[in-house]
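Here is a short tour of one protein chain, written to be read with the model open beside you.

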Amino acid sequence: MFWYQQPPRNGLKLIVSSSTWSRDSYEDGYSEAKFEVNRKSSKYILMTIKNVTSKDEATYFCAASDH
């Protein structure tokens, strides 16, 4: 599962990738302290944005892969 952020008038930025076989992998500038990922099952993952501020204004997307 991949989580992306798209701030207004900007391109997509990868936040974190998560899989059943490895630890969550955060991109530079993003951390679990701000973007917490919880795997509820092999097909259901929830990302929570903590302590939301105006800097977090964006559209957020998730994408899944069977690989």
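## Strands and overall build

The protein chain has 0 helices and 6 strands, so its elements read β-β-β-β-β-β from the N terminus on (helices, H or I, need at least four residues and strands, E, at least two; both are DSSP runs numbered from the N terminus). This is a predicted model, in which local features need pLDDT of at least 70 and side-chain atom pairs count only at pLDDT 80 or more, while totals for chains, interfaces and linings use all residues. Residues are numbered from 1 along each chain as its sequence is written, and side-chain values use heavy atoms, with hydrogens and water left out.

For 67 residues, a compact globule would have a radius of gyration near 11 Å, and the 12 Å of the protein chain agrees with that (the radius is taken over C-alpha atoms, and the globule rule is 2.2 Å times the number of residues to the power 0.38). Along the principal axes, the C-alpha atoms fill a box of roughly 35 × 25 × 20 Å. Of the 67 residues, 22% count as buried (buried means under 20% relative accessible area, exposed over 50%, and partly exposed in between, with a 1.4 Å probe and protein chains only).

## The open sheet

An open sheet is formed by 4 strands in the order β3-β2-β1-β6, with antiparallel pairing (two strands pair if DSSP finds at least two bridges between them). Its edge strands, β3 and β6, each pair on one side only. Strands of a sheet pair through backbone hydrogen bonds, either parallel or antiparallel.

Walking across the sheet, β2 and β3 are paired over 2 bridges, with Ser-17 and Ser-25 as bridge partners. Between β1 and β2 there are 4 bridges, and Phe-2 stands opposite Ser-17. The β1 and β2 hairpin has 6 residues between its strands, and Arg-9 there takes a positive phi near 60°. On the other pairing of β1, 5 bridges join this strand to β6, where Tyr-4 stands opposite Phe-61. Strand β1 (residues 2-6) covers Trp-3 and Gln-5 on one face and leaves Phe-2, Tyr-4 and Gln-6 on the uncovered one.

## The nonpolar core

Which residues make up the largest nonpolar core? It has 9 residues: Met-1, Trp-3, Ile-15, Val-16, Tyr-30, Phe-35, Val-37, Ile-45 and Met-47 (such a core is a set of buried Ala, Val, Leu, Ile, Met, Phe, Trp, Tyr and Cys residues joined through side-chain atoms within 4.5 Å). Strands β2 (13-17), β4 and β5 each supply at least two residues of this core.

Leaving aside neighbours within four places in sequence, the contacts of Ile-15 include Trp-3, Tyr-30, Phe-35 and Met-47 (contact means heavy atoms within 4.5 Å).

## Two salt bridges

A search of the whole structure finds 2 salt bridges (a side-chain nitrogen of Lys or Arg within 4 Å of a carboxyl oxygen of Asp or Glu). Lys-34 pairs with Asp-56, their closest N and O atoms 2.8 Å apart. These partners are 22 residues apart: Lys-34 lies in the loop between β3 (25-26) and β4 (35-41), and Asp-56 in the loop between β5 (44-49) and β6 (59-63). Asp-56 is buried, at 10% relative accessible area.

The other pair is Glu-36 and Lys-50, with closest N and O atoms 3.5 Å apart. Glu-36 sits in strand β4 and Lys-50 in the loop between β5 and β6, 14 residues apart. Glu-36 is partly exposed at 23%, and Lys-50 is partly exposed at 29%.
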